[in-house]
Amino acid sequence: MWTSLGAVTEPAGPRAARGRFWAIVLAAAAGFFLLGFLIGWFAKPTEKKTSVSPHEDMKAAFMAEMKAENIKQFLYNFTQLPHLAGTKENLHLAQQVQAEWKEFGLDSVQLVHYDVLLSYPDDTKPNYISVIDEHGNEIFNTSLSEPPPPGYEAVRDVVPPYSAFSAQGMPEGELVYVNYGRTEDFFKLEREMGINCTGKIVIARYGKIFRGNKVKNAELAGAKGIILYSDPADYCAPGADPYPNGWNLPGGGAQRGNVLNLNGAGDPLTPGYPAKEYTYRLDKASGVGLPKIPVHPIGYHDAESLLRDMGGYAPPLSSWKGNLNVSYNVGPGFTANYSTRKVKMHIHSNNEVRRIYNVIGTIRGTVEPDRYVILGGHRDSWVFGGIDPQSGAAVVHEIVRSFGKLKRKGWRPRRTVIFASWDAEEFGLLGSTEWAEENAKVLQARGVAYINADSSIEGNYTLRVDCTPLMYRLVYSLTKEIPSPDEGFEGKSLYESWYKKNPSREYKDVPRINKLGSGNDFEVFFQRLGIASGRARYSKNLNVEKYSSYPVYHSVYETYEIVERFYDPTFKNHLTVAKVRGGLVFELANSVVLPFDCRDYASAVSNYAHIIYNLSRNHEEELATYNVSFDALFSAVKNFTEVAASFHERLQQIDINNLLAVRSLNDQLMFLERAFIDPLGLPGRPFYRHVIFAPSSHNKYAGESFPGIYDAMFDIESKADQHEAWEEVKRQISIAAFTVQAAAETLKEVA
């Protein structure tokens, strides 16, 4: 081409020479142009690879929009008054959240109400514990309220410490110290020490397990009442001062909390169904999960007075001793000098039906508006809720604002995003459970994922994540994109600091992710409906900081100031949690192919199968005698693993422009969690229906894998009918094997 341009025939002479000169100039210019064009052309693909896709671009804009200063301001706004469920203050906060979410630009924001059973102290007859002499005279009484924190002395409507849903009563009797009130603690007392708790009042320290499990254990042991207290060993961090000079629990502080054993039922009077005006209700006395004995919480100053003169047996183990200046004698009763004295409980709390309000906001999806990604956290608090829940509610508020900002600029997610501010979580996860019950059919058909957003912080050491195995890879990839807020990890990712500080015990070279238990609003979505769920917050160093939860948990000292002064002064950890929670929602709502990896589920199920099998090998003789085999379960796990790998291969080949093919594979991913749901539920716990995961029967907060098999084998050696007990183990193994195999079938190529 260029040769012919320079070979034009010209007459000889000077003009021809000039022509040749200009031809050469033009040819050179054209050559340089071509060279530049070619360099530019071949450089283009490289440019394309480094440029961001619209999805990544919008995600970056969303992440950059969230600000620590906003979260700080929202937390301050949400913590100036108590927001107890069923009170006008909490309704006012719901209305405020609704108005601001509308202002942020959501498509719709509704208040959704339910009428549920709640529990409150009697204003005219306070709850307390007393020590009485042989004539019934009160020698010592516990405090009626907590000393208010500085600056809050004038705040009204602070509910005094109480155990919600406690039975009424004024029992009196000898005191027995039962350590943490765990199943193994009562076994130690009854089976090894021969101490009978029937007719006694027991005192247990908070920690290790859910308080409702302590109450249930005390009931089963025959106790006529239970006192709960916070021991400094469990609620004071070494080297820190009590609030307000530090972040430890003061001696007059006490932990409020519900003492129900609902096992996922929701409102005690309408188990399984939404508590609407038309709903049939059980009689108040026969509500689900209500304790039959009085329960009351006290601080460690009062506990020291009760425990100081304990007689009877010495503590059986050093681990039964806390950090009070007492012997920790078990009892029953007091030392010889005070043997005629008894303990008396005065509990007058009332259960009553009151109206609660969820705030439900929506951004409609563009391509798949019938697929829902839900971000939910509760709004009600026992008092000011500085950590629980408002550190979470403030983060949700900022995530909603940031999504709204993107929407105002013309962006919409691929799938519909639902935001929820739940009510009455503290009274048994009532707001979330009632809403999920009312919308169960739609959620089962359309629910992609649920991300929980309770307290954003319970410490300031590192990230803590609990989620379905489906989300493992999503969580890991997302945290690699988020900068670490931790000191000493400047310029490094959150993933790196998280992995360094809390590596997995189960898998190599990744940070630890925990199983989902309960005690929070994801319960109904995950354990009952089978919707993939996850939660994330900043936590303490669990290897070193052995105190339970965080010291001021559910006390009047959970204020804005304790967060701002001690936990997260710059709110950088809150912002990091916002990016994790918000980033999960963004990816789940906007990725063309759902960011679930079924291979990780296969690995987890295989791991759990080996764990439960190894547990069974403590009973080798019985396994042989009763012909118990895990072969069917391991076969199902092998099949599931192979099918998951094959499904993942198909997923890599997908044409993302073929919307029907994408939708079909996405639905297989979405419904995988649902495939592990048994509609009959677990034995004795019909609302816990997930066969792979459930809250532990002995601690609601902890997650248990293959819970049906685990519970069947628990303490099996003490069962009267061994044949019957092992038959139940065999039944549970068969249910697990069937469920895993059925889940594998859902991942096979659609015929």
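Colleague: Which residues of helix α14 are buried?

Modeller: In this predicted model, helix α14 covers residues 494–501. A residue counts as buried under 20% relative accessible area. In α14 the buried residues are Leu494, Tyr495, Ser497, Trp498 and Lys501.

Colleague: What covers the buried residues of α14?

Modeller: The cover includes both strands and helices. The strands are β16 (462–467) and β17 (532–539). Among the elements that cover α14 are also the helices α13 and α17.

Colleague: How are α13 and α17 oriented to each other?

Modeller: Helix α13 spans residues 472–481 and helix α17 spans residues 572–590. Their axes are 10 Å apart, and the helices pack at an angle of about 120°. The crossing of the pair is right-handed. An angle of 65 to 115 degrees would count as roughly perpendicular and one over 145 as roughly antiparallel, so α13 and α17 are oblique.

Colleague: Which residues of α17 does α13 meet, and how many residues of the contact are nonpolar?

Modeller: From α13, the residues Leu474, Val475 and Leu478 take part. They meet Lys579, Val580, Gly583, Leu584, Glu587 and Leu588 in α17. By class, the contact has one polar and two charged residues, and the nonpolar residues number six.

Colleague: How are α3 and α17 oriented to each other?

Modeller: Helix α3, residues 54–65, packs with α17 with the axes 11 Å apart. The crossing of α3 and α17 is right-handed. The angle is about 155°, and angles over 145 degrees count as roughly antiparallel. The two helices are therefore roughly antiparallel.

Colleague: Which residues make the contact of α3 with α17, and how many of them are charged?

Modeller: On the α3 side the contact is made by His55, Glu56, Met58, Lys59, Phe62 and Met63. On the α17 side it is made by Lys579, Gly582, Gly583, Phe586, Glu587 and Asn590. By class there are four nonpolar and four polar residues, and the charged residues number four.

Colleague: Is Ser166 buried or exposed?

Modeller: Ser166 lies in the loop between β4 (163–164) and β5 (172–173). Its relative accessibility is 3%, and the cut-off for a buried residue is under 20%. Ser166 therefore counts as buried.

Colleague: Which backbone nitrogen lies 2.8 Å from a polar atom of the side chain of Ser166?

Modeller: Beyond its neighbours within four places in sequence, Ser166 is in contact with Val259, Pro291, Ile293, Pro294, Val295 and Ile347. One of these residues supplies the backbone nitrogen that lies 2.8 Å from a polar atom of the Ser166 side chain. That residue is Val295.

Colleague: How does Ser319 count by relative accessibility, and which residues does it contact?

Modeller: Ser319 is in the loop between α9 (300–307) and β11 (342–346). Its relative accessibility is 44%; exposed would need over 50%, so Ser319 counts as partly exposed. Apart from its neighbours within four places in sequence, Ser319 is in contact with Asn179 and Arg205.

Colleague: How far apart in space are Ser319 and Gly264?

Modeller: Along the sequence, 55 residues separate Ser319 and Gly264. From C-alpha to C-alpha, their separation in space is 32 Å.

Terms used. Residues are numbered from 1 along each chain as its sequence is written. This is a predicted model: local features need pLDDT of at least 70, side-chain atom pairs count only at pLDDT 80 or more; totals for chains, interfaces and linings use all residues. Side-chain values use heavy atoms; hydrogens and water are left out. Helices (H or I, at least four residues) and strands (E, at least two) are DSSP runs, numbered from the N terminus. Buried means under 20% relative accessible area, exposed over 50%, partly exposed in between (1.4 Å probe, protein chains only). A polar contact is a pair of N or O atoms within 3.5 Å; within protein, one must be able to donate a hydrogen and the other to accept it, and residues adjacent in sequence count only if both atoms are side-chain atoms. Contact means heavy atoms within 4.5 Å. Axes are lines fitted to C-alpha atoms, for helices over the stretch in contact, and angles run from 0 to 180 degrees between N-to-C directions. Angles under 35 degrees count as roughly parallel, over 145 as roughly antiparallel, 65 to 115 as roughly perpendicular and the rest as oblique. A crossing is left-handed if the near helix is turned anticlockwise from the far one by less than a right angle, and right-handed if clockwise. Ala, Val, Leu, Ile, Met, Phe, Trp, Tyr, Cys and Pro count as nonpolar, Asp, Glu, Lys and Arg as charged, and the others, Gly among them, as polar.
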